[in-house]
Amino acid sequence: MDMFLLEAAINGLLLAGVLALLTLGLNLIFGVIDVVWIAYADLVMCGMYAVYWLFAVYGWPLPLAFAVSVLGVAALGMMVHVLIIAPILSSAPINQLLATGGLLYFLQSFATLLFTTDFRNIGVRLPIIEIGGIYISYSRLLAFGVALVGATALYLFLKRTYIGTAIRAIAQDREIIGLMGVDQRRIYLVTSAIGGALAGLGACLLALQYDVHPFIGNTFGPLIFMICVLGGLGNMIGGFVAAFIISQIIAIGGYYFSTELSYVLAFMLFIVLMFIRPQGIVGR
Amino acid sequence: MRAWRKFISAGGPKPIMLSLVDVSAGYSSLRALFGVSLEVAAGETVGVIGPNGAGKTTLMRVISGLVAAFAGAITLDGRSIVGVPPHRIVEHGIAHVPENRRLFPRLTVEDNLRIGAFIPAARHHFAEQLAWVYQLFPQLRERRRQPAGTLSGGEQQMCAIGRALMSRPRLLLMDEPSAGLAPLVVQQVFDLIRRIRAEGLTVLIVEQNVQQVLEVVDRAYLLEVGSIRLAGTSTELKNNEFIRKAYMGL
Amino acid sequence: MNARRIGALTGLGVLLALPFVTPAYFLHLLIQILLWGFIYTAWSTMGRFGLVSLGHGAFMGVGAYVPALLWNYYDVTPWLGIPLGIVLSALLGLIIGYPCFRLKVVGHYFALVTLALGQVVLLSIVAARDITGGSLGMTPRSIGHSWYALQFPEKRYFYAIALLVWLGGLLVWRWIDRGIGREALEAISDDEEAAAAVGIDVTREKLRVTIISAALTALGGALFGQYLMYLNPESVSGIGVSLQIVFAAIAGGMYAMLGPTVGALLTIALTEGLRVWFGANFVGAANAIYGILLILFVVFMPRGILGWFEMARRPRAGPAPAE
């Protein structure tokens, strides 16, 4: 077995962790509230900037910067819902796409205004570990581990708590959830907060590995939508699985060709799959 | 548990629990109820019968808050509940078993029951309430880990009723419990309603199956085209010429 | 002859006279307004019928890069290169449209597929960096004033071209508006199954308007390339561009013929105004404001500025907003 190929495959797996987290967030929001936040990746960007400023500029300890970032993006998520989504909930779905598209535009431009287009790195160098001749970056491994823990925590929350059960229920029958004593608006708010928190968590993990700049959302945003749609919009498990499949395609494709080409392949695959099975590989 | 059951079956003169006075309601394009008045006393089981499209489901929804009333008064224990959102109505002790069951199909039976106990008052007594519901409906306990959508019609109805009971209601609203069920199962459902009634719960049932429901209720109203046409005890209605001809085929 | 006709002719007269009386800077702005207006109008031919594409950058990119590449590497005149780019772009629209419409990929899903398409084109351009110059962009080889190469250092020529093309776009819009196609598409946008039941060939109608939209957008992209003499994947095929198109069309009103052009006026005026006011320090301010405005428009004025005027003028209800 080609060592480098294996290495690429493993690194792909590790990348999948973060993508899967973000996919969970998007799917949660879509499954429950029935809206797609086009600007989701830009929320992640905000989180990354938060980490950068708190840690690299103001010198806060990293864990604290992470915590504040996660909470901050969670709050941002709630604001997005209250200010943008709630007023147009009953509007045509395309309007919701457009409104969050406007948000994307706004966040990217505002970030450019505040931070300029310079690439910024938080400057944390984590070691590379070697396992049996394969080199794995520690930050990737960490990201993967945290993503798994996050996903598990989310799963348990959804399965075992009252609010979590209500969140799962509301996706299946929005109209009569009130008859159970559940305040629909509150659930939407909680869901938006969780979606935001997942974006914030993803931001922390990405900040460890990549530079942040205002348009970084454009690099993985479309990818995440694609993964969500492939796994079936709203299907959390499907999205999770799709994240790993796509990451492998990118990692292995990147090994044989160039990175961009592997992305092109992934997207083309997406388009093709859309025609074969519009409801996604796993589907509803 | 005992405290709740004792409370709802306390003896003495029965006070009026639910009262509708001159209620008009409908949807944006269509008015469904015109000046409906009815009342339900504590501990009573009251029925509302009438043909399809009479407005029976709208009546239930107006009480439980899913639909807003244009006009009229709705009071629970004398306190107005007009304009109160559905999730608060549940906290006041009214539970609504919707038409067509409306279970959450991909949630397990137990999860459906769990969500019924969402309100804080019910959460604290979740375990005992669950035990009681399983006692009433043993088939549900057997199937508790199955997705609710895979249950048979009759079992789904039991699950829907059980879910409503989980919120520890004082008043149970049931919208066409026999709809779409085989005759044998319908019998089971009405036996169940008798049992619930025996526990002292106040029940308001809306039904198309006139024969069965008149055997179970104390009083009933006839709702036709959004207005109350007749009212009386179940005996009176059973012997009423019009009802016998039009609704019981006699 | 009525007031409307006279108004239109006067407007046309003014537009024709402008290059002789305005300084180069304003001409530059006008050309941009006309070309962007043309592109926004092209997008609206689809958008108004509920076929909202978030990836029109794909068509712009293909339309812009094909003639530029053919010119730089093979000396092929843009007079051939541009039509080829248009054809390829139309083909792209067909390839994406046909399966989508056959398989009823609509609404959300269609928008996301077009988003992906935009990305595919963008990434392909960047990946082929050896020939396209990648993210750094490329410049068509300049040979000064030349009809053969469609290059004109003096703005007046491009102004004329832009004006012609823009008018052409309006004509196409009107052709679609007046034709049976429009009613069919509105029926489809309202209730696809019912439309099919009545005998409307849903797929064919949608494909027709998609191909037209793609072709026109490609032309717009090509002309921009020739005018600015610089191409960059992000500025023709990026998400930003695709969203900008959507925003402008909606803000101006995609249900009215001149709506998208109003949108172009808005966006250009905004950018220039902000640049003059704030100077180069506030790069990004314009777009930030677009973003907020898009949100506000979607929430409060889904039919756009012109549409709002239309509604105020005649109470007759037009087609429903994209459903």
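In what follows, two strands are said to pair if DSSP finds at least two bridges between them. The model is a predicted one, and in its chain B, strand E1, covering residues 16-27, is joined by six bridges to strand E4, covering residues 69-76, the two running antiparallel. Within this pairing, B:Val21 of chain B has B:Ala73, in E4(B), as its bridge partner.

Taken as a whole, the sheet of chain B is an open one, built from four strands in the order E2-E1-E4-E5 with antiparallel pairing. Its edges are formed by strand E2 (30-41) and strand E5 (79-80) of chain B, each of which pairs on one side only. Helix H2 of chain B, residues 56-64, packs on this sheet, where it touches E1, E2 and E4 of chain B, and the direction of the helix makes about 65° with that of E2(B).

Turning to the chains, two pairs of them touch, and the pair with the most contacts is that of chains A and C. Chain B and chain C, by contrast, are joined by no contact, and their closest C-alpha atoms lie 18 Å apart.

The largest nonpolar core holds 280 residues, and the members that touch the most others are A:Met45, A:Met48, A:Val51, A:Ala207, A:Ile224, A:Ile227 and B:Leu173. Helix H1 of chain A, residues 3-33, gives the most to this core, contributing 16 residues. As for A:Met45, when its neighbours within four places in sequence are left aside, its contacts are with A:Leu107, A:Ala111, A:Val212, A:Pro214, A:Ile216 and A:Gly217.

Conventions: Residues are numbered from 1 along each chain as its sequence is written. Chains are lettered from A and ligands numbered from 1 in the order in which they are written. This is a predicted model: local features need pLDDT of at least 70, side-chain atom pairs count only at pLDDT 80 or more; totals for chains, interfaces and linings use all residues. Two residues are in contact if their C-beta atoms, placed from the backbone, lie within 7 Å. Axes are lines fitted to C-alpha atoms, for helices over the stretch in contact, and angles run from 0 to 180 degrees between N-to-C directions. A nonpolar core is a set of buried Ala, Val, Leu, Ile, Met, Phe, Trp, Tyr and Cys residues joined through C-beta atoms within 7 Å. A residue is buried if 20 or more other C-beta atoms lie within 10 Å of its own, exposed if 12 or fewer, and partly exposed in between; C-beta atoms are placed from the backbone.
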